[in-house]
Every structure is written in structure tokens, then in C-alpha cells.
Amino acid sequence: MNARLVRKQCVDQILRSQLATCRKSSPRWMAICLASVFLVGCATPNKPYWITWKKSAASPQKPADIQPSDFHPRLSVVEFDEQGDLWSKTQLEAARKQISSSPKPPLLVVYIHGWQNDAHPKNRDLRTFNDFLNQLESTKAINRKFTVNGVFIGWRGASFIKETDWTIIGWVLRQSSFWSRKAATDRMAGVPLTGALAKLSASARNASAGRGVTIFIGHSFGGRILERALGQSIVSQAAFSESGKIDLMADLTVLINPAAESLYGRMMRLTTASQKRPAIVSITSSNDSATSLAWPIGVGGASIFGGFRDYSLGRLKPESQRSYVLKTAGHDPRMHTHKIEKIATELPQTTEPFGYNLAKATNGTLLIRNGEGGQQPYRISRLDKTKDGRRVSWMVPDGPYWVMQVPPEVLDNHGGLPISRGIFSDQVIDLLAGIFAMAKASDIEKTPTVTLQENMQSGEPIEKSRLLPERMDTRNNQ
């Protein structure tokens, strides 16, 4: 009998026995049962799903009914193992070769998936990303100028043996993998991934047909991985930059419902100076329960005994460092920079809102499909901190890192609706087109940069004697 099947049956039998015992036993046995469920949820095969031959693109190893022809011809898969190392350098080199040999300047989209996903050929995220590439290619404004290339970064986001098992036991195992998968993201955001992203971007910029455009997209834990990899790339160049300007690997980076503590985004925002063009845009659904409710529950217990301190930036009141850990940027009003809202302005109806936004949304006004055959005008605008942020005592300074919440009719909950292609639904890609236009990514003729803050404030405590005189006078008069 297949060893994997035997293992699965044994695991199921053990778990059923333990759960039955838990219902009749003491709290001590209940704790043991829960611990065993947690451990089993982390113990699964560590293997690649794709194989790459020399001089050819990646092909799925299994299942047998999946063929390379089922995927976009210029989709590449680059997989990483449990320790964050490349499964095969051949996968990466095949992807680079395909990008650099594009007939037209490449439009490279690199996607890092989130929790409970991997590079399995039948994985929903992989399939919806593939559909997204097909839609990009069918857009006239893109097809005239670019050759669409996609790279799916596969990592161990799904730790349960059988992805399609929707039994109660399967559900428990998937949810209990939160902590082990969060730890895996720290290993993923290391040297191998940062190097792979840099090489992929370099292949697009040095393509034989002309300089291409690179877009990085990260969802959920994939957003956490991407944010950390980019942060390391930016700050590592700081010591060698005489002008204070740092080259970016991507022309635009989009984080969708990123499952990441706002503390890291805060660090990046305090490192870079303000500029009109965004370099990183974080969008979070206002009804995303995974990052608004599950995240603080998941990290709260582990952070109780953490070594946190209070921040005292300038003359502002101290803030708990832990408060930035318990919130994601999308649900931390201190991090918000922009808003998106419906407007009454009438815009010309079009059969291709995505293409319209690419060409016309440079001022932040765009069209988003409403799912009923029509389109609704929206506007992306910068927050007025004296008005929109009136309930926030202090907001992190603006920079090339934009953060905003989006309404559920644009992005519903954490992963979007499966029937509408998840996070690559019509509504989301219309929004992505608008962000792309605002970033003016297609007009960039040289490597985009960000500028470092001249006087970075990283949260050092300031003594009372160092406060400005007017602040001291105000305190004395109170």
C-alpha cells in the first residue's frame, strides 16, 4: 500500500482516538490532545511540485491530468523549501531565460502566495494567478507594448498533507498551522528569496527586446515575506549610497491583505522620505477578519512576554511597541496614508475598465466593475490628517509606502470569493490597474528609487530636557 496513504490513515486514526478521549477526559488530557493536533499539523512532506528540465520551463510533477498546456505559456514556478532555500536553481534560471528572451519588453508579475497555499498544480491561488496573466495578455494596452511574464513563488504555506480534506480534522490541522507557517515566513524572507527576486527583476530590465516593467505582489503571509525581503534590500544599500537614493527591485510592489505586523511597515516608512510616486502599496479589505481578528489572537499570546518598550518620537506621547505587533498595517490607523471611496462623478462607461484605468487613472479616479455588468467610479486620495485622522493622536509620516483600506465590494474578506477568482477578481485587477497608473510604472525609463530620510527617527526616547522650549512652556502652563 502507498506509504503516504498508510501515514494518512494512521494520523486520522490517532487523531480520532485522541479527540474521542478528550471529550470524556480531564482538562489535562484535553491539553495533550490539542498539543498533538498542533504538532501533526506541522508534520507533512517537504517536497517540490514542479520539475524543470534543462533548457525548458517548469512542468507539474503531478497529478497526471494536469498538463503544461493548462497554464499560461510564460508562467514560471520557482519553489522554496521549508528552510527558505531554492528547491532547484534550474527553476530560477529557466524563468530568467524566458523573461529575458521576451519578444517585446517584458511585463513581469511575480506573485508570492499566502497561508494554506503552495505550488500544487491544482492550488486555487496558482490557478487564479494564471487567469490573471491571461487577462493581462488580452488587454490591448498591455499587449501592444509588453510581453506578459509571470512567476509564481511557491513556498510551504500549506502544511497539511491533503489540501482537499475539508473534514473537521482537516480544518483543525490547517488552522493550527498558523504559528509554524508564520515562523516559516521568517525563513522564507532570507538571502535565497531576496536574491531570486533581484535576479528576476534584472532579467526584465535587461531583456533583449528592451527594458521591462516588474511588479511584485504578495498576499497574506506572502505579503509579510515580500515586505521583509524588500526592507532588507533597501536598508542594505543605505550604507553605500552617497546620494541617499536607493534603487528598488520592482517598479511597483502591491501587498494584498498582508498578514504582517505594522511594526515592520513603520520601520520602512520612517526610513524613506516622502515622494509623489508610490513604491509599495498595501491594500486591506475593511472586512478582512483574518488580519483584523485572527492576527491579534494568533500573535497575542506569544507577545505577552516579549521585550517591548514605549516609543517617544519627538514631542509625542509614548506609544507601546507591542501595539504595532498586535495590528497589521491595514487595521492600524496610524499607518494609513490613502483612502478609496465611491464618487458621484460620471466617467465614460467602457467594455474594458482595466485598460481604461491603465491609461486614465493617473489622477486617482478610476472605474471598478460592480459585478452586475456596470462600473462604479472611485477615487484614491491622500488622507487629510487633520480631518480623516482626527481620532488618531499621531500617524506615521508619509513616504513611498502607501497603506489604505478598501471596501468589501472591491475586495471581500481575506482571500476574496472563490467564484470571482479570489484576490484576482475583476474588481481587484481594476484597482491594481489604477494603482499601476498612479505609480506611472509603464513610463519609468530608469530604475525607480526611494530617498532615505535625512534625520531618521526610529523611536529613541527623548529626555525632558531635550524637548523644545515651547513644549516645556506649554507643560508648565497646564
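**Exercise 1. In which sense do β3 and strand β5 (residues 147-154) pair, and over how many bridges?**

Before we start, keep in mind that this is a predicted model.

Step 1. Look at β3 beside β5: the two strands pair in the parallel sense, over five bridges.

Step 2. Pick out one of these partners: Leu-75 is bridged to Gly-150 in β5.

Step 3. Now place the pair in its sheet. The sheet is open and has seven strands with parallel pairing, in the order β3-β5-β4-β6-β8-β9-β15. At its edges are β3 (75-79) and β15 (401-406), each of which pairs on one side only. From one strand to the next, the twist averages 20 degrees.

Step 4. Helix α4 (residues 124-138) lies across β3, β4 (106-112), β5 and β6 (213-219), and runs at about 170 degrees to β5.

**Exercise 2. Check whether the length of helix α8 (residues 191-205) fits its number of residues.**

Step 1. Helix α8 has 15 residues, and at 1.5 Å a residue it should span 21 Å. The expected span is 1.5 Å times one less than the number of residues.

Step 2. Compare this with the model: the end C-alpha atoms of α8 are 21 Å apart, which agrees.

Step 3. Now see which parts of α8 are hidden. Its buried residues are Leu-193, Thr-194, Ala-196, Leu-197, Leu-200, Ser-201, Ser-203, Ala-204 and Arg-205.

**Exercise 3. Work out how helices α7 and α11 are oriented to each other.**

Step 1. Find the angle: helix α7 (residues 178-188) and helix α11 (residues 289-300) pack at about 85 degrees, with their axes 11 Å apart.

Step 2. Angles of 65 to 115 degrees count as roughly perpendicular, so α7 and α11 are roughly perpendicular to each other.

Step 3. Find where the helices touch: Phe-178, Trp-179 and Lys-182 in α7 meet Trp-295, Gly-298 and Val-299 in α11.

**Exercise 4. Decide for Arg-369 and for Ala-359: buried or exposed?**

Step 1. Arg-369 belongs to strand β13 (residues 365-369). Its relative accessibility is 18%, and the cut-off for buried is under 20%, so Arg-369 counts as buried.

Step 2. Look at what surrounds Arg-369. Its side chain makes a polar contact of 2.7 Å with the side chain of Asp-430. Arg-369 also touches other residues, including Gln-135, Pro-353, Phe-354 and Ile-429.

Step 3. Ala-359 belongs to helix α13 (residues 353-360). With a relative accessibility of 53%, Ala-359 counts as exposed.

Step 4. Finish with a distance: Ala-359 and Lys-440 are 81 residues apart along the chain, and their C-alpha atoms are separated by 9.8 Å.

Methods. Residues numbered from 1 in each chain as written. Predicted model: local features only at pLDDT ≥ 70, side-chain atom pairs only at ≥ 80, totals over all residues. Heavy atoms only, no water. Helix = DSSP H or I, 4+ residues; strand = E, 2+ residues; numbered from the N terminus. Buried < 20%, exposed > 50% of the residue type's maximum accessible area, 1.4 Å probe, protein only. Pairing = 2+ DSSP bridges. Axes fitted to C-alpha atoms, helices over the stretch in contact; angles between N-to-C directions. Contact = heavy atoms within 4.5 Å. Polar contact = N/O pair within 3.5 Å; in protein donor to acceptor, adjacent residues only side chain to side chain. Parallel < 35°, antiparallel > 145°, perpendicular 65-115°, else oblique. Lists of a residue's contacts leave out its neighbours within four places in sequence.
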